[in-house]
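I opened the model to look up ring contacts and charge contacts. My notes follow.

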Amino acid sequence: MVTQLARRHSVPTFPALLHTVIEAPDCRAVAEFYRLLLGLHYREGEEPPPEGAPDDADWLVLLDQDGSRVMAIQENTRTTCPSWPSEDVPMQMHMDFKVPTVEDLERHRDHAEELGARLLYDRSQDEGEPLYVMADPAGHPFCLLVQ
C-alpha cells in the first residue's frame, strides 16, 4: 500500500532535517548553555546584546562550524520542566551526545555542570555503554555517552 501511494505521489527528494527546536522559558539562557556545551555559534544578528541592553530574543538559531543549523531555541513561558525518570511530566524528547572515551565523558559532564546542567542519572560504570543523563538549565534531559 505504501509503495503504491509513493508511486502515485512521487517525491524527487526526501525532506532534510533543518534543526531541532527546544522550547524554554528563558530562550537566551538555554541557547547559551548549548552554545557553550557544543561549541556552536549564533546565526548572524542573534548574538547576545551588549551588557545592560534588553534581550527580547524569543527564537535563536545555533550553527556549527560549517554554518549548518544544529538547533533552535524558542521561548515558551508555559513550558513545564520534564520530571524524568518520573513520567508525571514526560520528557517528550531528548538528545544524545557521544564522546569517544570515559575520560571525555567525565570532562564533558564537569563542563555541562559548570554551564548549569544537573545530573539526573549516573550509569558511568556500565561496561557496555557508560553514560550520564543530565538536564539542561531548563530541565530538558540529554545524555552524554561513550560510543
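**Aromatic rings**

I started with the rings and found one aromatic cluster, formed by Phe33, Tyr34, Phe97 and Phe142. The model is predicted: local features need pLDDT of at least 70, side-chain atom pairs count only at pLDDT 80 or more, and totals for chains, interfaces and linings use all residues. Residues are numbered from 1 along each chain as its sequence is written, and side-chain values use heavy atoms, with hydrogens and water left out.

My cut-offs: rings of Phe, Tyr and Trp (its six-membered ring) pair if their centres lie within 6.5 Å; planes under 30 degrees apart are stacked, over 60 edge-to-face, and the rest tilted. I count six aromatic pairs in the structure. Phe33 and Tyr34 make an edge-to-face pair, with 4.9 Å between centres and 85° between planes. I then checked accessibility (buried is under 20% relative accessible area, exposed over 50%, partly exposed in between; 1.4 Å probe, protein chains only). Phe33 is buried at 2%. Tyr34 is buried too, at 0%.

Next I took Trp84 and Tyr121. Their ring centres are 5.9 Å apart and their planes stand at 75°, so I logged this pair as edge-to-face. Trp84 lies in the loop between β4 (69–75) and β5 (95–99) and Tyr121 in strand β6 (residues 118–123), so the pair ties together parts 37 residues apart in sequence. I take helices (H or I, at least four residues) and strands (E, at least two) as DSSP runs, numbered from the N terminus. Trp84 is partly exposed at 22%. Tyr121, at 38%, is also partly exposed.

**Charges over rings**

I looked for NZ of Lys or CZ of Arg within 6 Å of a ring centre and within 35 degrees of the ring normal. The charged end of Arg28 sits over the ring of Tyr42, 5.0 Å from its centre. Arg109 lies over the face of Tyr132, 4.7 Å from the ring centre.

**Salt bridges**

My criterion was a side-chain nitrogen of Lys or Arg within 4 Å of a carboxyl oxygen of Asp or Glu. The structure holds seven salt bridges. One joins Arg107 to Asp104, with the closest N and O atoms 2.8 Å apart. Both residues lie in helix α3 (residues 102–114), three residues apart, about one turn of the helix. Arg107 is partly exposed at 48%, whereas Asp104 is buried at 15%.

Which residues are linked in a network of salt bridges? I found Arg123, Asp126 and Glu129. Asp126 meets Arg123 at 3.5 Å. Glu129 meets Arg123 at 3.4 Å, N to O. Arg123 is partly exposed at 26%.
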